[in-house]
Each structure stands twice: as C-alpha cells, then as structure tokens.
Amino acid sequence: TLARDPHGLWYVNDSFFHLALWGYNSIYAVSKNGPIWTQTMFVNATPQTYFSENTASHVTIDECGRSWLSVYNFGIVIYDEEGKFIGNFSLINNGIFDAIFVDNYVMYLSDNLQGRIIRLDPNITCSSDIFF
C-alpha cells in the first residue's frame with residue numbers, strides 16, 4: 001500500500017516517481033520491482049517549514065536533480081539529489097500549490113490562497129548556489 005494522501009507526482013520513468021504527501025510535509029520515492037511497488041521517505045520537510053499545519057502539495061525536480069517542494073502556507077523548500085536541505089523561500093500570505101520552471105529557472109507559482117500566479121526570476125543556474 002502506498003502512503004496516505006498522495007498528491008503531487010513527479011514522473012521519472014515507468015517504474016519510479018516522486019510523491020508529495022498532502023498533510024505530511026514529505027516526499028517519497030516510489031519504485032517498482034517486478035509486480036511490487038515500494039516507497040521510501042526521501043525528504044521530511046517539517047523541520048524546514050516550521051509548522052506541522054503547512055502541507056506539501058507538489059514536487060518539481062530540476063535538471064540538476066534538485067527537488068523543489070511546494071508547501072501550502074509556507075512557500076518552496078529545496079533539496080539536493082540526495083535529499084539534503086539546500087534552502088527555502090516563502091511569501092507573505094501565500095498558498096503556494098504548484099511550481100513550473102521555464103527557461104533560465106524562471107518560475108511560475110500558483111497561489112491558491114490569493115488566487116494568483118506569481119512569476120519569479122531568481123537568476124540561478126544549475127551550477128549556482130541557491131540564495132533567496
């Protein structure tokens with residue numbers, strides 16, 4: 001059985017994907033070996049999001065393997081390809097729900113709480129450190 005309250009999915013291939021769990025501030029790695037699906041916690045974001053009532057909604061993985069976790073009532077939390085915390089950013093009065101990356105890391109964030117789309121251009125690259 002897979003984790004409760006699956007929400008945001010990031011497809012990797014036909015036998016592996018990442019899963020954000022609504023209400024649990026975590027990302028799981030889900031893989032298939034033969035007919036058996038297994039899940040492993042990849043990230044527990046609660047220490048970085050400060051409050052347990054914040055909830056993970058979607059995960060986006062960039063070309064460098066960094067995981068960008070959208071956390072409702074908080075913002076974005078970023079982890080490296082091994083699941084180690086890199087950084088985060090939050091916006092006042094936000095309900096960040098999902099994120100899309102376009103060229104040069106320009107991001108579009110859906111803000112469900114304010115009913116808007118936010119465009120951010122953090123001027124980062126795959127090789128740059130992330131500072132907000």
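Phenylalanine 17 is buried, with a relative accessible area of 18%. The cut-off for that label is under 20% relative accessible area. The model is a predicted one.

**Aromatic pairs**

Seven aromatic pairs turn up in a search of the whole structure. One of them joins phenylalanine 17 and tryptophan 37: the ring centres are 5.7 Å apart and the planes stand at 50°, so the pair is tilted. Phenylalanine 17 sits in strand β2 (residues 16–21), and tryptophan 37 in strand β4 (residues 36–44). The contact therefore ties together parts that are 20 residues apart in sequence. Tryptophan 37 is partly exposed, at a relative accessible area of 35%.

A further pair is made by tryptophan 22 and tyrosine 72. Its ring centres lie 6.1 Å apart with the planes at 50°, so this pair is tilted. Distant parts of the chain are linked here, 50 residues apart. Tryptophan 22 belongs to the loop between β2 and β3 (26–33), tyrosine 72 to strand β6. Trp22 and Tyr72 also share one aromatic cluster with Phe97.

The table collects accessibility for the aromatic residues discussed in this report.

| Residue | Relative accessible area | Class |
|---|---|---|
| Phenylalanine 17 | 18% | buried |
| Tryptophan 22 | 31% | partly exposed |
| Tryptophan 37 | 35% | partly exposed |
| Tyrosine 72 | 15% | buried |
| Tyrosine 108 | 33% | partly exposed |

**The β5 and β6 hairpin**

Strand β6 (residues 67–72) runs antiparallel to β5, and six bridges join the two. Within this pairing, valine 59 stands opposite leucine 69 in β6. Five residues lie between the strands of the hairpin. Glycine 65 takes a positive phi there, near 90°.

How many residues of strand β5 are buried? Seven of the seven, across residues 55–61. Strand β5 is therefore largely enclosed by the rest of the structure. In a regular strand, side chains alternate between the two faces of the sheet.

**A nonpolar surface patch**

Which residues form a nonpolar patch on the surface? They are Ile100, Val102, Tyr108 and Ile117, with about 380 Å² of accessible area together. Tyrosine 108 is placed in strand β10 (residues 107–111). Tyrosine 108 is partly exposed because its relative accessible area is 33%, between the cut-offs of 20% and 50%.

Note on methods:
Residues are numbered from 1 along each chain as its sequence is written. This is a predicted model: local features need pLDDT of at least 70, side-chain atom pairs count only at pLDDT 80 or more; totals for chains, interfaces and linings use all residues. Side-chain values use heavy atoms; hydrogens and water are left out. Patches are made of residues with over 30% relative accessible area and no salt bridge: like charges are joined within 9 Å, nonpolar side chains (Val, Leu, Ile, Met, Phe, Trp, Tyr) within 5 Å. Accessible areas come from the Shrake-Rupley method with a 1.4 Å probe; for residues, only the protein chains shown count as cover. A salt bridge is a side-chain nitrogen of Lys or Arg within 4 Å of a carboxyl oxygen of Asp or Glu. Helices (H or I, at least four residues) and strands (E, at least two) are DSSP runs, numbered from the N terminus. Buried means under 20% relative accessible area, exposed over 50%, partly exposed in between (1.4 Å probe, protein chains only). Two strands pair if DSSP finds at least two bridges between them. Rings of Phe, Tyr and Trp (its six-membered ring) pair if their centres lie within 6.5 Å; planes under 30 degrees apart count as stacked, over 60 as edge-to-face and the rest as tilted.
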